[in-house]
Each structure stands twice: as C-alpha cells, then as structure tokens.
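I shall show the structure first and then discuss selected parts of it.

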Amino acid sequence: MNKDLKFVRNIGISAHIDSGKTTLTERILFYTQRIHAIHEVRGKDGVGATMDSMELERERGITIQSAATYCSWKDIDINIIDTPGHVDFTVEVERALRVLDGAILVLCSVGGVQSQSITVDRQMTRYNVPRIAFINKCDRTGANPERVVRQLREKLNLNAVMLQIPIGLESDLEGVVDLVTMKAVYFEGEQGRDIRYDEIPAALLDQAKAKREEMLDAVSMFSDELMEAMLEEGDIPEALIREAIRKGTLSLKLAPVMVGSAYKNKGIQLLLDGVEKYLPCPTDVENIALDIDNNEAEIKVSNNTADPLVALAFKLEDGRYGQLTYVRTYQGEVKKGEFITNTRTGKKVKVGRLVRMHANEMEEIEEAGSGDIIALFGVECASGDTFCGGNINWSMTSMHIPAPVISLAIKPKDNKAQDNISKALNRFCKEDPTFKSFVDHETGETIISGMGELHLDVYIERMKREYKAEVEVGAPRVAYRETITQRAEFDYTHKKQTGGSGQFGRVGGYLEPLEEGVYEFVDDIVGGSIPREFISSCDKGFSASMDKGLLTGAPITGVRCVINDGGYHTVDSSDMAFQQAAKGAFKEGYRKASPIIMEPIMKVAVEGPSEFQGAIMGSLNQRRGVIVGTSEEGAYTVVEAELPLGEMFGYSTILRSLTQGKAEFSMEFSAYKQVPKGVAEQLIKEYEASKKN
Amino acid sequence: MGYEPLVKQNPLRVLKLTGNDKKMGLIMARAGLGKTALLVQIALDTILRGNRVLHISIGENLDKTKLWYDDMLQAILQECPVAKPHELIDMVRQHRMIMTFKEAAFDRSRLEERLNDLIQQNIFTPDCVVIDGFDFTATDHAKLEDIKNLMESLRLQTWFSATSHRDDTRVSPTGVPAPCHEFDDLFEIVVLLKSYQDHIELEILRDSGKKAEGSSHLRLDPATMLVRQED
C-alpha cells in the first residue's frame, strides 16, 4: 500500500438497479489486473460477477451487500465499495457513502436519472461526496447521453458537464472523444485492453468543438488562470483544465460526466483516469470526529499516520472464521497484534488478523495507514463503532439510520431450524442496523422487521441458504404506532392487600401530546406527595406502558407524562407498587386522551412509459394514495405519490401486469400519519379478536 | 373547512376569483417579477375555499413547483397563523396535484388526455387549473381558443402565466402586451405585474372580459412575494 495519501482514492459506485454498476466494477477490477477474467452478472458461465459474492446476489443478478475491494490504477491505490441499487438496501449505500471520499454515479444512457439515482444522489449530497457521473450502456438501443446530462441538471440540480462525447451510439458505439485532450479514443484488442488515440472523426469535429467550449465555460468558473488562458485565445494547457475540473468537483459545484459502455469494454480506462484526476484523496476531505471526553466537541481528524488511530467500523460480516469488520481509518495506523480501544464500550481489543478485502477473497496485510479501507478479523464490535489508539476517546459522527417500517412473523419448520434461526438473526441484526428481530411474548412468534418486502425476503432466503433454517413466513405486517391527540388527566390509586405486606401508590397528573420525541417524563411533584425514591418507579411504569398501545398493541409514541400529585403509605408503598400505579394511571389517562393509530406513509415514485400514466395513477389512487405530481418527459413519465405502506404489499406484481412489465417503482419511508377511521376500526377489531384467541 | 379567515384576509379577493368559474385568467410580467408566486397564491386561495387545483408546470421540475407551494404556505402561515398548521399543510397536499411537462411534451391533446385520466378514473377532479410556463410565442388564436373550449367544457377555471419582454412593445387595444396581445379576447381577466423602484404592482388590464378601469391597489411584497393591499 502506498503511504502517500495523495495516491489513495476511496470511492463508491452507486446507481439505480440495473444501471450496470456491478458490470462496471467487474471491468474496473479487470483493467486494474485484480481479476484475470470477466464474468457477467447473469453470465452463461455461471460464475457471476466478482463483487456479487453472495450466492443469492448471483442468482438474482442484484448486489445486496456492498463488498469492499481494492485495486491499483497507474500510481493510485483505489478502494472500491460496490453498493446495492435497490432502495430497500439504502442503509448499505448510506454506510458506504459515510466512509467514502468520492463516488461514481452510474447512469443508464437509456433509463437516465431514475428514482433510485435521485435517492442515491440525495444521500451523496448529505455526506458531501464529490462525484463523477458515468453514463453507461451507450451501446443500448435508445441510448441518449445528452438527455441524461439534461436530467442530471434538472432532476438532480447538478452542474453536469460532459468531458467526453461518444463516437457513435447504440450498436455503432466505437469509442469516445475526450474533450480535454481533443482526441478520439478507441478501445481495441482483447476485451478493449488496448487504447488507441486518434484524430477526432471529421463528422464529429464541430460537435466536439462546441461541447469543449461548453465544458471550458463551465470549468473556467473554478480557475482564474484557466479563464485568463481562454481570454488569450492561445493553446490551453491540459493540466490547467484538469485542475479546474478537479477543483469544481471537490467543491461539489461541478459533476464531470463521462460516457461509455462497461459491457462493451468502452470508456472504463478513461473513467479510472477520471477517478485519479478528479476525485478526492483522503486529505482533500474534511472528516469530523466527536471528542467524547470533551462534551462531544467536534474535532477535525488529521489524516496523519503519525497521530493516534481513529477508525470507523462501517460494516460487519459473520464469516466462517468469526466476525469480519470492515474499517475505514481516518488517522494513525492499525497494526497486527496492536491493541485498539472501542470508544463505545471502552474495551481494548487486540488486532488479530488484518486483511484487505477483494470481494470474498482476502489478502493478509501487516498494517494499514490512514485513509485506508481494510477488514479486521475476530474483533467484537457493532456496526458504527469507532476504534481509537493512544489516549484519545473520539467517536466518528453517528450515521443516519432509518427506522424499520415493515415486519413479518417467522416460525421454524423444525427444531433444528430453531437454533439456526437464532444464530442467523443474531448475525443479521449486528450487520444491518435497519434489520431488527424480537420475540412477541404473547404469541410466541419471532418477528423480523426491516425497510421493505424485498429487504426481509433477502434475509429469509439467507436463513435458508446460509443457515439451513427453513421458516414459515406470515403475511407482512405494517409497523403501526399509536399516539394521543389531547391532554388528559389521571388520578389512579393502586391498592392491594392480599396477606403479607400490601401494595399502595397513588399517582396524579396528566398526559399530553409531545410534538417531537417518543416519550418524556416530567416530575412536577411538590411537597413530597410521592417520596423521591419512588419518582423513578413512576417513570419506569409510564415508560413500560409505552411499549403497547391499548388500541392495537402497537408501540406508543409522542407522549409527555407529567405527575403533579400522589399519595403513599409508609409501609405498603414500594417501587413495584408505584410502577403499577403509574401503569394504571397511564391507562386511565390514555383512554381519555383521544388516542389514534398511525401508519407509515411511503414516498413512492413510479416510472414508466407515458402511455401508462393513467393506469399507474389509477393503481395508486386505489391504494389510498395521494398523487403528489407527475413529470412527463417525452415518452417517459414519473408519478410521485404518498401511500400507506400497508397498501403497497404486492404492488410490484400489479404494476408489472398493468404496464406489461415496462414500469418500475421505488419507495422510501416518509412519515407516520393517522390511519382513516374505517381502517382504524378494522385494526382495533382485529386486535380485540386476536386477544380473545 | 375552517380557513375562512385566511380567505377573507386574502387581498386577492379583489380579483373576484369565485366569480370567474369556467373562465380563463392571465398573469403577465417580465421575467423574475413573481408570476409563479402569484399563480401559487391564486391556487392556494382556491384550495382554502375547499376546491381542488391542478398545477401544470411547463419546463419546470416537480420539486421546484412543490417548493413554491411550501414557501408560499409558510409565508401565509407566518402572517396568519392557524391552530393546526399540519392539518392545513395536509389539506393543501390533498387538494393539489402537480403535473410537469417538458416544453415539447405539452399540447392540447396531451392536456385533454391527462385531464380525462384524472377525472374519469375519479383520481383527482380539479376545479381550477393553473398553467405556468405556457409558450404563447409558439401558439395561435385558434389553438388557444381550442384549449379555452376544452376547459370550459370541463367547467374548469384556468389561469395562465406569460412572460412579456421589454423590447417587444406591441400591445392590444386593451393594453395587453405581447406575446398575448392577439389573444386578449380569450381571457376574462388579465393582470400585469409592473415593477417600480421599490415595489411590484398588480395592474388589472382586463376584467369581466373588458378593459379595466382604475387601479387594483394590490402589490407584491418583494420580500415574501405575498400580495398586499396598498395602504
């Protein structure tokens, strides 16, 4: 590993599903000589692409877990995180983006900026990730890179500037014109390995000149020197242009656009040059840690190898040889055999094996410097933990983790499966913070919850394949919530005299809606009507009541519990008695506080040919959807709507049949909102019935 | 609805929006003076009166159009707070639909197809349609009249916006500037936003299909883009 951070790039490859990013990664690994043969995603050779290491990923042709890999291009060491394209797996994308310095946003030259590209771009903006756009699949029928550039500007508000134009399109794609060098570039020989530079074809010269002007105009905004050179109308040094592009890209004010076709082996080497020239090295990016010992004051990490280690565990995998922890180092060094401290637990752990990951193969290394992405073996930690060396106690900024919105009940098919399910769930929960599991004590069912149907589907498949655990799966259930809508008083006395010492506690006060947050307890007791030692008992009792609403048994959110009165008995009052009194008081107040049921509302975007717009809108409307709007661009339409998650189960099948398979949709959680009266009554009825059984 | 005070306080009542059902209105101004802001306020006023609005944005994207509504609604709520702003925001969301088109993708037949999609499937039945960004330089009287007939047959009040240009001095006899000077008879009401040194004034050029007399006494507040009555 090269020690100079100038020669390191930590990049991600993100895009909409089916834009060809796994194929692109495969080509990158091939040209950087990390692999010696190209396997297609759905290839006939049955090998699958290198980055799709999980069996399931290979079968479905989608990337589920982002595998980290490492390669070298010219003088540069590149760590690549391949990220999933489906919206259900966005936590993977977000975690990858958190540790990356730059990214390639892959776009399909036919599909253009699709819904997932918008989600991914929003995530990149959130984490300030400079990006290069790569318009892939220029060999496909209907390829239109110019349209994609327009969409980058209009839909993503990116200052997208083409650095290349294609030579031919669709089946005539021959190569690209590099607008910086003003040379035609062809990719010849076996698998496009040999690059031939030539004069720009006469037919393209005018277009190339015009596009170069456009590019220089945009890029010169970032370099006074370049602007002066342009005004002098002499030859403009290539280095000056590249420097300006790099400056614009790093400031997130410019998105250079490159074109090609990964499948046809065209344009990939130039994209790698682009990664080298325009994407940041670790020292170009400012990363902030929180100093735990100093009231979480923000501190800029130094990137200096000589400083104490700061590293973030951003991904875990349970493998055959124990837990594999993917780590990004921000400063200092991590060495085999050294002790490092997990700042969350305060525990010191010894670094056993240190490896550099290449999909599911690994390479043992002795040490890793600042800015590197590596994996540790046998280090016990959770995803998002920070490791420090020396005497510092820092934590990298916490990651944005969305709450699960859908759950499923699973039941083992046999006894053997029972043990394996526990092991599997343990591992999945540790690896993926958006995946949760728990046992419903009333029904005895194991409940898993996550970000969408496909998300849970994948874990059920993994249980089957990796843990040999066959499970019966219940119907998907929406994660409802309950809350209150008005203030209500309570005054409850818990009294029990059943021989021996009795129980006595009286709690008075009120509940009121809490605008932000889940639960708040306020102690307004004056004059000692409840002794101090029992105040926390009241808090415990109220807090426990929040777990299960009285309408449907769903968790309660947004309640402030205020106590301002009470009573006690010198002998019979106890911690338990006041916990019970608080539970009774909560019940009393809750019924009077006009409780409501809330459901997750999803932001849904359906894309498809304009001819199906009416059908798409109709299908959304039937599902209690509010159509926010439609965007129509030529033959293509995007319908945006907000729908209850409960109405979206099975929608993909319906959409396929409505649109001859030509439309697709993505959805993400938007907010919790009150369910309509009719639905609420039905849910309450179902809950009552389930309690009786 | 419970938002009567907001409707009553709205200076836009001068435009007599409730009395113009099935008619077409036009907002004209030079670029950047606040045509979209005014259209959105007309749409919001219509919504607050319990009606539904289809906002057609030509050449603009969905997010930007949504943002106009969010911003204008926030400005209105800051001036006239209501007890439950979330309910009002929800109500606006449910009574408004936005359709965006690329310039080349919008024409009368596409409009009719989309309106039929919405109305016949009972997806969204608008009472008012605002069309922002329509290119009047690329249309003629017959085409526009055709759109007017369509909207009248569907009993829809329609508001357009049009950009006038400093260097084009043509005007209709009723004072409607180019590029709409030849279409003024198709509009029941035409409002021109005029920029003065420290304010923007709403001048009513046509009212009830005739040349308007006198001043509207309305201004656009340059800070919030809200319509205000002159003191």
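Let me begin with a term: two strands pair if DSSP finds at least two bridges between them. Helices (H or I, at least four residues) and strands (E, at least two) are DSSP runs, numbered from the N terminus. What you see is a predicted model, in which local features need pLDDT of at least 70 and side-chain atom pairs count only at pLDDT 80 or more, while totals for chains, interfaces and linings use all residues. Residues are numbered from 1 along each chain as its sequence is written, and chains are lettered from A and ligands numbered from 1 in the order in which they are written.

I turn to the interface. Strand E36 of chain A, residues 626-633, pairs with strand E3 of chain B in the parallel sense, over four bridges. Within this pairing, A:Gly629 stands opposite B:Ile98. Taking contact to be C-beta atoms, placed from the backbone, within 7 Å, 15 residues of chain B are in contact with 17 residues of chain A. On the chain B side, the elements that give two or more residues are helix H4 (85-94) and strand E3 (96-101). E3(B) gives the most, with five residues. By class, that side has eight nonpolar, four polar and three charged residues. Here Ala, Val, Leu, Ile, Met, Phe, Trp, Tyr, Cys and Pro count as nonpolar, Asp, Glu, Lys and Arg as charged, and the others, Gly among them, as polar.

B:Ile89 lies in helix H4 of chain B. Is this residue buried, exposed or partly exposed? A residue is buried if 20 or more other C-beta atoms lie within 10 Å of its own, exposed if 12 or fewer, and partly exposed in between, with C-beta atoms placed from the backbone. B:Ile89 has 16 other C-beta atoms within 10 Å and is therefore partly exposed. Its C-alpha atom is separated by 9.6 Å from that of B:Tyr69, 20 residues apart along the chain.

Next, helix H5 of chain B, residues 108-120. Its 13 residues, at 1.5 Å a residue, should span 18 Å, and the end C-alpha atoms are 18 Å apart, which agrees; the expected span is 1.5 Å times one less than the number of residues. In H5(B), B:Arg114, B:Leu115 and B:Leu118 are buried. These residues cover an arc of only 100° around the axis, so they are on the same side of H5(B); the arc is that of the directions from the helix axis to the C-beta atoms. On the other side of H5(B), B:Ser109, B:Asn116 and B:Gln120 are exposed. The cover over the buried residues of H5(B) includes E3 of chain B.

Strand E6 of chain B, residues 189-195, is largely enclosed by the rest of the structure, because five of its seven residues are buried. Strand E1 of chain B, residues 24-29, runs parallel to E6(B) and is joined to it by four bridges, with B:Met28 opposite B:Leu192. Strand E7 of chain B, residues 200-207, pairs with E6(B) in the antiparallel sense over six bridges. There, B:Lys194 has B:Glu201 as its bridge partner. A hairpin of four residues joins E6(B) to E7(B).

Finally, confidence: pLDDT is the predictor's confidence in each residue, from 0 to 100. Chain A has a mean pLDDT of 84, and 89% of its residues reach 70 or more. Over residues 60-66 of chain A, pLDDT stays under 50.

Technical notes
Contact = placed C-beta atoms within 7 Å.
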